[in-house]
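This report goes through selected local features of a predicted model. The sequence and the structure come first, and the notes on individual residues follow.

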Amino acid sequence: MYQNTIRTVLWIIAVVLSCAAVGFPQERKPFRIASPDARVAVVFYLNDSGAPCYRIELNGKPVLRDSQLGLVRDDADFTKGLKLVSQSETTRVNDRYEILTAKRRDNQYVANRQVFHLQTGSGQKLDIFFQVSNDGVAFRYLFPETSSELHRLKEELSSFHMLPGTKAWLQPMSVAKTGWQKVNPCYEEFYEKEIAVGTPSPMGAGWVFPALFQTGDVWLLISEAPLMRNYSATRLRSDSPDGKYLIGFPDPREDFQGGPVNPASNLPWLTPWRFVVVGSLKTITESMLGVHLADPAPATKLEIRPGRASWSWPLLGDSNTTYDVQERFINYAAVMGWEYCLIDALWDKQIGYDKVKELIDSAHGKGVRILLWYNSAGDWNTTPQTPRDLMVTRESRIREFERLKEMGVAGLKIDFFGGDGQSVIGYYLDILEDAAKYGFLINFHGATLPRGIHRTYPHLMTVEAVRGLEYVTFEQSNAEQQASHAAMLPFTRNVFDPMDYTPVVLDRINKIERRTTSGFELALSVLFTSGIQHYAEIPDGMAKAPAYVRDFLKSVPSIWDDVKFLDGYPGKFAVLARHGGGRWYIAGINGEAKAKKLTLNLNEIPVGGSATLITDGAEGNLSFRRETVRLVNKKVDVSMLPNGGFVLVFD
């Protein structure tokens with residue numbers, strides 16, 4: 001009790017000094033909302049210009065400097081000149097749910113909430129919601145008045161002001177209408193690693209979410225959730241003077257058939273959450289905050305079946321989307337015990353609907369379900385692959401869905417979307433809502449970050465939004481960076497949302513010298529989370545692997561019950577433990593071209609005795625070593641080759 005009293009007194013002194021430093025009038029007192037365990041806190045106040053501001057503290061110390069909040073609407077400025085009308089009492093949020101396409105199946109979100117009711121000098125109203133959980137801070141806005149008039153946002157001034165000396169791991173946003181066939185932006189760039197905050201984005205288009213920062217020994221991960229019809233997806237702006245990152249709206253060219261890009265809505269108008277996960281790297285990698293903040297799924301009878309898929313495209317290309325090759329890949333999936341086979345682009349031209357129906361019927365008899373590829377594109381890019389444009393209008397989409405349902409199709413992979421504008425987000429949601437009525441599982445490619453909507457739409461199995469394995473097959477330069485890039489993803493892209501990286505090439509890639517080992521590739525089957533995991537290896541390569549490796553890939557779970565961070569550093573290495581199918585699996589990858597020896601502490605994991613280790617042999621591709629290792633005092637030693645990896649399985 002004495003320590004708590006001292007801590008409270010010190011906090012009051014700090015708040016008073018802080019108020020003096022920023023020039024608070026007495027009537028502009030700050031409000032402090034703490035997490036249930038009291039370690040994380042947000043301080044909210046109006047400054048002497050009437051601008052809403054906040055900062056974040058961990059264990060009483062600032063980890064995010066005083067940062068501005070607010071929105072500029074076409075008829076009013078909610079960034080300054082505001083007054084606080086009232087505030088709610090602090091209330092407890094307690095939410096439990098199950099999700100099958102995330103890194104943790106059963107979840108509980110507990111947070112403290114407080115709402116602040118503000119208004120402009122002319123009386124327009126704005127509410128700001130804060131929710132503070134043990135792993136972070138979330139905030140969102142509400143325009144509570146009622147109006148049928150369409151209002152538009154000119155700007156959002158939500159900001160994240162980093163402390164001096166903070167380092168960042170950030171992925172640049174690509175410029176709209178650039179890249180192959182004008183497909184950008186699609187969240188498929190390499191990360192800038194350990195850069196000084198304030199460094200401008202090299203492409204000038206901003207930085208994508210999630211955005212990772214380190215200040216001292218504290219890590220912060222910034223993102224938003226969920227995708228909403230009344231808002232665009234956003235990014236961090238390119239320039240961040242003095243380490244102050246602001247929310248940015250999409251490029252004006254990121255629209256769907258001329259629809260809105262910047263947010264537009266009638267009133268009342270509730271915005272997505274912006275949030276900051278705060279703590280250690282363990283806090284970051286184990287957090288589910290970006291899923292917690294998404295809307296719950298509606299009551300549904302949808303059959304959600306996560307699984308694994310074979311597919312020919314990554315190593316064999318468009319020309320092998322033929323009847324004979326796809327029949328071979330269906331048989332491959334059946335032998336491996338995988339649930340799906342994806343038939344990729346050009347199936348309509350090179351196989352045809354009738355023959356695809358024959359493949360579907362054959363696959364069903366072998367316990368394999370078929371996924372079909374579609375091109376989303378309308379007028380926003382020039383991609384030629386077919387089937388093309390059939391998703392664009394609801395009339396066309398429903399007509400195609402009726403046909404696919406009759407054929408027995410299980411799900412769709414839809415590619416080449418047009419960016420992050422509000423109208424594009426509406427297009428994603430239209431597809432998801434229509435697909436749900438037909439029971440189709442959905443995979444979005446060439447797409448935006450899903451931002452937690454796999455909770456709201458549980459049939460959204462996975463989304464690309466990553467520079468995945470396909471890039472390694474395109475150019476040697478991508479292969480050179482693959483190991484380091486993959487070691488970034490457990491700390492950024494794959495923290496909250498399922499990711500269709502399409503991992504695992506154990507053998508070879510035509511015209512490319514692989515830089516990752518086969519042990520590294522095997523580990524990705526556990527390390528990366530995806531509702532449907534599409535394996536890139538083809539039957540010929542898999543046949544060369546040892547039987548115990550094939551057996552491992554036959555049995556690796558598709559639904560994960562839990563995850564634990566064991567060790568790692570963004571871009572250098574990552575070791576995670578996952579629980580699924582009644583077993584604990586540990587997977588590690590080395591993102592650097594030098595060997596690593598690790599001692600893993602397994603105190604948090606209810607395992608003991610021995611485990612089976614599969615790691616790299618000494619003979620290059622498809623060289624593995626298997627052995628039994630014993631825990632000593634709940635610890636185990638493992639070694640990784642340069643760009644190597646391993647898996648450990650506990651019975």
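## Cysteines

Cys341 has a relative accessible area of 0% and is therefore buried. Cys53, at 7% relative accessibility, likewise falls under the 20% limit and so counts as buried. As for bonds between cysteines, the predicted model holds zero disulfides.

## Helix H5 and the residue after it

Just after H5 comes Gly337, whose phi is positive, at about 75°.

## The surroundings of Thr516

Thr516 lies in the loop that runs between helix H12 (476–486) and helix H13 (518–527), and with a relative accessibility of 2% this residue counts as buried. Its side chain is joined to that of Glu521 by a polar contact of 2.7 Å, and to that of Gln482 by a polar contact of 3.5 Å.

When residues up to four places away in sequence are set aside, Thr516 touches Gln482, Ala483, Glu521 and Asn643.

## Aromatic pairs

The count of aromatic pairs in the model comes to 41. One of them is formed by Phe401 and Tyr438, whose arrangement is edge-to-face, with 5.7 Å from centre to centre and 65° between the planes. Phe401 and Tyr438 are both buried.

A further pair is made by Phe417 and Tyr427, where the ring centres are 5.6 Å apart and the planes stand at 55°, so the pair is tilted. Phe417 is in the loop between strand S24 (411–415) and H9, while Tyr427 is in helix H9, and the two are 10 residues apart. Phe417 is buried, with a relative accessible area of 1%, and Tyr427 is also buried, with a relative accessible area of 1%.

## A ring cluster and charges over rings

Ring pairs also link Phe31, Phe44, Tyr54, Phe116, Phe130, Phe139, Tyr141 and Phe160 into a cluster. Charged groups are placed over aromatic rings as well: the charged end of Arg73 sits over the ring of Phe143, 4.6 Å from the ring centre, and the charged end of Arg467 sits over the ring of Phe190, 4.5 Å from the ring centre.

Conventions: Residues numbered from 1 in each chain as written. Predicted model: local features only at pLDDT ≥ 70, side-chain atom pairs only at ≥ 80, totals over all residues. Heavy atoms only, no water. Helix = DSSP H or I, 4+ residues; strand = E, 2+ residues; numbered from the N terminus. Buried < 20%, exposed > 50% of the residue type's maximum accessible area, 1.4 Å probe, protein only. Polar contact = N/O pair within 3.5 Å; in protein donor to acceptor, adjacent residues only side chain to side chain. Contact = heavy atoms within 4.5 Å. Disulfide = S-S within 2.5 Å. Phe/Tyr/Trp six-rings, centres within 6.5 Å; stacked < 30°, edge-to-face > 60°. Lys NZ or Arg CZ within 6 Å of the ring centre and 35° of its normal.
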